[in-house]
Structure formats: C-alpha cells, structure tokens
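Me: Hi! Could you walk me through a few spots in this structure? I'll just ask as things come to mind.

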Amino acid sequence: EKAKATVLGLSLEQYKDQLAAKDAEASAQKAAREKAEADFMKLADSSNRDLAKAKENEESLKKDLVGKRKVHKEKGKEAGLGFTYKKLSNGLFEVSKIKPGGFADISGLIQPKDVVHSVDGAACEGIAGPMAFAELLTGAVGSICELSLSRGESTDVFVVTCTRMVADTTAAAPGAALDAAVAAGAVVTGKKPSDDDLQSIKSDASKSTSKAVALGFT
C-alpha cells in the first residue's frame, strides 16, 4: 500500500482514506440497488394482490348476476312477440316468420317482411346483433313492448304496442290469446283496433293452428 501511495503521490494515510471512501461508495450503491429491488418486489406483490382481488370481485359479480337472473326466471316466465327475424345490411331487422299462437300470429298486427326500426324507443341501427335484439324483445309474460315498423315498399313508420305472451297452438288458444292481447291494449299508430280490425284479427287467428311451428329467435 505504501508503494502504491508513493506512485500516486499520496501519503499512506491519504491512500487509505481514498480506499475507505471507495469502499463506502460501493457499499452505498449496493444498498441502493438492494433497496430498489426490494421496493420493486413489494410493488409487484401488491399489484398481483390487487389483480387477484379484482378477479375475485369480478367472479363474485358474475355469480351474483347469474344468481339474480336465475331468481328472476324462477319468479315468472318470459316470452317474446312470436316471430323470427334476420338482420339487414342497413342495421334494421326484418320479420322472417310468424310463430303460431304468439302475439304476432294472434293479433295479425305484425307480418312477414315487416321491418323493425326500433324497440321501446331503441333504434335498431344501434343494436349490436340478433342476440341483443332478442334481449329487447323478450320480457315477462304480459309485459308491453312497443315496436316501430314499416311495411312493404312504404317508408312510413307505424307503431304497434305488443303484449309478450307464451305461444299456445291448442285449438282453444287463439280466442283466449286474442282477448288477452286486446285487453292489454294492442295499439296501431296510437289507436286501438277498430271492429273491422278485430274481425280481421280473429279471422287470421283462426288459421293459426294450421300453420307449421316456426323455429328461430324470439
């Protein structure tokens, strides 16, 4: 050490002081690295715990929603409006087939090729797809659903207030379902059907039992 100090032009004491300072600096740098690594590991552990907790909460929420949906279904039946449909390129939905014994069949107010523009005020262009459309059409039996429709080449839009009902294709069903639909207040363009309309509806309803059962979306 004395020789090295002499080469550097330092006294032995000065040389030892430099060595001690370098050792202290190296120790401080090592301690800083170890602290940074420890802080990082703590942060990583905390983030992992937060992610695990968030996932646990998400799973709990899903179970809760599924449970509520199950309870809702158990409390009462759900039904649609009794027609199948397809999504058009312009985002609207077209009625494909009428299901026997459902509201569309019994009332005669909805026909194949009718185009649905909105459901309860929700524009069809903003509906993601057929499943989302089905959710809007489906509800508790006896609940009301308002459709905005156009028919044929006409661009005029008319409103039909529908009653969700479970399809019944038995011989006695048409008249009973018709009474239920009228009692619920089926409305076309804001007015209740006239006597001629009701007679036409009853005539169409009497033919429902001879139709093939249509499968597809509600």
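Me: Is D114 buried or exposed?

Reply: D114 is buried, because its relative accessible area is 1% and anything under 20% falls in that class. Do keep in mind that this is a predicted model.

Me: Thanks! Where does D114 lie?

Reply: D114 sits in the loop between α3 and β4.

Me: And which residues is D114 in contact with, leaving aside its neighbours within four places in sequence?

Reply: With those neighbours set aside, the contacts of D114 are F93, E94, V95, L109, L149, S150 and R151.

Me: What does the side chain of D114 do with Q111?

Reply: A polar atom of the D114 side chain is 2.8 Å from the backbone nitrogen of Q111.

Me: OK, salt bridges next. How many does a search of the whole structure find?

Reply: The search finds four. One of them pairs D114 with R151, and their closest N and O atoms are 2.7 Å apart. This pair links distant parts of the chain, 37 residues apart: D114 is in the loop between α3 and β4, while R151 is in the loop between β7 (144-150) and β8 (158-163).

Me: How accessible is R151?

Reply: R151 has a relative accessible area of 30%, so R151 is partly exposed.

Me: What does the pair of K113 and E94 tie together?

Reply: K113 is in the loop between α3 and β4 and E94 is in strand β3 (residues 93-98), so the pair ties together parts that are 19 residues apart in sequence.

Me: Which of these are buried or exposed? Let's start with E94.

Reply: E94 counts as buried because its relative accessibility is 13%. K86 is partly exposed, with a relative accessible area of 42%, and K113 is exposed at 56%.

Me: Switching to strands: how do β2 and β3 pair?

Reply: Strand β2 (residues 83-87) pairs with β3 in the antiparallel sense, over four bridges. K86 has E94 as its bridge partner in β3, and the side chains of E94 and K86 also meet in the salt bridge I mentioned.

Me: What about the turn of the hairpin that β2 and β3 form?

Reply: There are five residues between β2 and β3, and G91 in the turn has a positive phi of about 95°.

Me: How do β3 and β4 pair?

Reply: β3 and β4 are antiparallel too, with two bridges. F93 stands opposite V116 in β4.

How values were computed: Residues are numbered from 1 along each chain as its sequence is written. This is a predicted model: local features need pLDDT of at least 70, side-chain atom pairs count only at pLDDT 80 or more; totals for chains, interfaces and linings use all residues. Side-chain values use heavy atoms; hydrogens and water are left out. Buried means under 20% relative accessible area, exposed over 50%, partly exposed in between (1.4 Å probe, protein chains only). A polar contact is a pair of N or O atoms within 3.5 Å; within protein, one must be able to donate a hydrogen and the other to accept it, and residues adjacent in sequence count only if both atoms are side-chain atoms. Contact means heavy atoms within 4.5 Å. Two strands pair if DSSP finds at least two bridges between them.
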